[in-house]
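Student: Could you take me through one part of this model in detail? I would like to look at the place where the chains meet.

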Amino acid sequence: MIELLKLCGFETYELDLQLPRIEKVFNKIGINGVDIERAKQRLNTYYDMELKGVRKIFHLYIRGLADLVLARDEGKEIIIYGLMSPGVDIMSSALMTKSDKIFSANPQRFFSNVIGNIFGKLEPVLKAAERHWLKAGAISHCANVKMYVGLLDLGFIPKPDLLVTCGFLCDTAPKTADMLQEVWGITTHCYDTCKDIETMNDPHEREIITLGVKSMRGMAERLQDLTGVEITDNMIWDVLKAGRPYGEISLKLDTLIAHSDPLPISSTHHTIFYRLAGSSCDMNAVPQQVDAINTLYEEVQERVDKGFAAVEKGAPRVFCTAPPSESDPRLEHLMGELGIANVASENRLYPPDGSRSMDRERPKDPFEALCSNLYSSMYQTPKARIPSLIGYCKRLKIDGVLNRYHAGCRSPALDAMLIRSAIKKELNIPVLDLDWENFDPRVYNEEHYRKIFEAFKLTMRSA
Amino acid sequence: MDDERLTTHLKDRPDQLMELKKQGIKIIGYFPGNYVPEEIIYAAGAIPICLIDNGGADSAEAALELIPHISCPFSRAQIGERILKTNPYYGMIDLLVAPITCQHLKKIAEIWDYLDEVDIFKLGVPHQYYGEDELEYYTHRIRALQGKIEALTGNRIANENVSKAIILYNRMRNLLKKISLLRRASPQTVSAINFIRLNHASYYADPVFMVDYLDSVYEELSGKALVSADEATKPRLMLIGPNLAKGDYKILELITAAGGNVVIEEICEGIRDYWQTIEEKTDPISSLARGYIRDKLPCAFMRYSSQKRINFALKMVQDFSVSGVIWYQLLYCESYDTESYLYNRKMGELNIPMLILESDYDEGSYQQMKTRIDAFIEMLKGGIE
């Protein structure tokens, strides 16, 4: 165990305090000696553990997991979770600055990264959910949502006093909130807008944002009633401001990787640095998150300067639709192993031409800033999403697109065929479709993936 | 029932509409779910047509070139019809009104829009149907729809005309409800398949004709037991599902063949439409907004709708003396699949047997369904004995 923790950046001086906590957590969630050995192997296989930044990131995930699992035991009286609900993390962070009895975190982020990416042991959690309303099989319920149900069913995370969800992207999360309330008596709250959004420039856009803002303010009132702590606009601005350096450095890192040839770091790392923000709602963690990403950025820059190749120079450059797998590094690793440079994923691209950041005035209402996800490509209609994907591919000089669609997330997934034909028509480059699950490691099929990626690479080479 | 009169009307309807189209009358199609007020369309002098055809595998399969398989077969079929071009209604519409209902139909509208073959108006339907802000939003979008239709038809939609349309459509709903309520009796006066055909016809037929026709049907049926006396011994069933497309009657045929008797349906193009009327004495647009989003039974994709929906279902079980529930969902429909868990649990607590079926409109799923329906009804019959 100590060896694993040290591999993940824990310093000796921390272990007196952290080791008993983490042992307690691992006992609770069924992590044993065999799992720990497997974790060490997985880390050394799939990640560049020699990079200090990577170790720091995993350190934060493991410590955050302990904070989450032990929250009640360690005296937290009000526990709030967000489920597919952008903005709740910010409000919860604001609340946590005012009371140390309040705790909030994003359970999926910790379990995906620690129990999924590190230990490869997420299956029991997903199976637990499938025994209830999120059945397995063709229906393809989203494994992100399954994770919450499974974790609560297994008692791996404390029962929340409030679970907040939203319908910005899907119906599955709000429906599960409805079920959690009806079946298990867990108090939930949903905020929403209406998704008749056209593009970023539609005159109707304002109304959609306004409705979202009103609904979010309703959610803030609910949080105030629950905690007895007032949420002011200034508190929200403070949290947003504190998180800005993280946004800036992670964007720099993303840009550096996307524009480098050779690829300086395996794409297995994309998810771990994308998802660190918003995992913990503890404002004390923010400087450490920024430090971890900053360290990684400097290390990757050094690799670029030295011409270090995680994937050989000149390898075909691939862009992937949908964000990278949240809980399983194997697909990303395999692409690298086969000599495919997966340079970027669709993680926050904005219309009209697929920028990584929005070119628009900063909102005056902080709740409007919390609705910013609504502008990103995966929340858009195909009319706005597809040009943004094409624009980004053009700028990155992409040789092929892995058109993977997270079947559990119907709205963006159902664009897949249109994306395929538009990219073929506009860019005339190979497109590989992949029916996929972003959060469920069980979909990984090495033999099949190896075959299709090898063929994909050949097609790109000959194109 | 004078089937011939209705059959002839429906048979002639596409040609009649094409003729009207030539005269400049606009045909406005809309996707089902009961969130598009036909009254607005009718009040503009245009013709509303609800696109609810399907149940066959061809159109659902044809769509796979444009959409992955993980969309429900009904939604896929709406793309398939555009590709196959065999259904006259799909080819004649001047405007498609696409309500933002479930993720599947929302995407179908987006795909139609992307293909740019027909003018589309996306009608925002907030899923927090109980909120005041959401009601205001929906009202505003209905007013925007009003503007769109006025621009398309060149006709101003006067409140007076909307009020008249509300009265007309309310008469239709009331008649459907009255006919449906006749099925509380045992033996019942109209079979499920005939009732559903009537209901489906109301989405295509001229509403004035339909009201007149339903009036005569009700006159004919009231107080009269048309179905044979042995029907009274058959298990009385409730059918619950997202939608039952016009043409998706195989499920009803299988139930009938197995000796079951569906006496009430809780489906989009059914009770959720005709059970409530629209208030007639207030500002008609506000009335429509409130009536369509708030007063009607919410669909399963609406937020926190489960409790209200299950309470309604239980009331129907009681009122229609139902002895078993058949839950008929479409493959890949996450909201209904999720909710089936809750219904099954609740029905189980009340000792009401429930059978969950899933369709992809393909022969394979019907084969499997047949076996399960036979066994379920056999079990219910045993219970009766």
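Tutor: Buried area is the accessible area, found with a 1.4 Å probe, that two parts lose on being put together, summed over both. The model is predicted, so to speak of local features requires pLDDT of at least 70, side-chain atom pairs count only at pLDDT 80 or more, and totals for chains, interfaces and linings use all residues. Residues are numbered from 1 along each chain as its sequence is written, chains are lettered from A and ligands numbered from 1 in the order in which they are written, and side-chain values use heavy atoms, with hydrogens and water left out.

Between chain A and chain B, about 4600 Å² is buried, and carbon and sulfur atoms give 56% of that area. Of the area that chain A buries against chain B, 16% comes from Asp171(A), Lys175(A) and Leu414(A), more than from any other three residues. Contact here means heavy atoms within 4.5 Å; 55 residues of chain A and 52 residues of chain B take part.

A salt bridge is a side-chain nitrogen of Lys or Arg within 4 Å of a carboxyl oxygen of Asp or Glu, and nine of them link chain A and chain B. One of these joins the side chains of Lys175(A) and Glu339(B), at 2.7 Å from N to O. A polar contact is a pair of N or O atoms within 3.5 Å; within protein, one must be able to donate a hydrogen and the other to accept it, and residues adjacent in sequence count only if both atoms are side-chain atoms. Between chain A and chain B, 29 residue pairs are in polar contact, both residues being at pLDDT 80 or more.

Now to the elements on the chain A side. Helices (H or I, at least four residues) and strands (E, at least two) are DSSP runs, numbered from the N terminus. Those of chain A that give two or more residues to the side touching chain B are helix H9 (172–184), strand E4 (188–191), helix H10 (205–227), helix H16 (382–396), helix H17 (410–413) and helix H18 (416–427). H9(A) gives the most to that side, with nine residues.

By class, the side of chain A that touches chain B has 26 nonpolar, 13 polar and 16 charged residues. Ala, Val, Leu, Ile, Met, Phe, Trp, Tyr, Cys and Pro count as nonpolar, Asp, Glu, Lys and Arg as charged, and the others, Gly among them, as polar.
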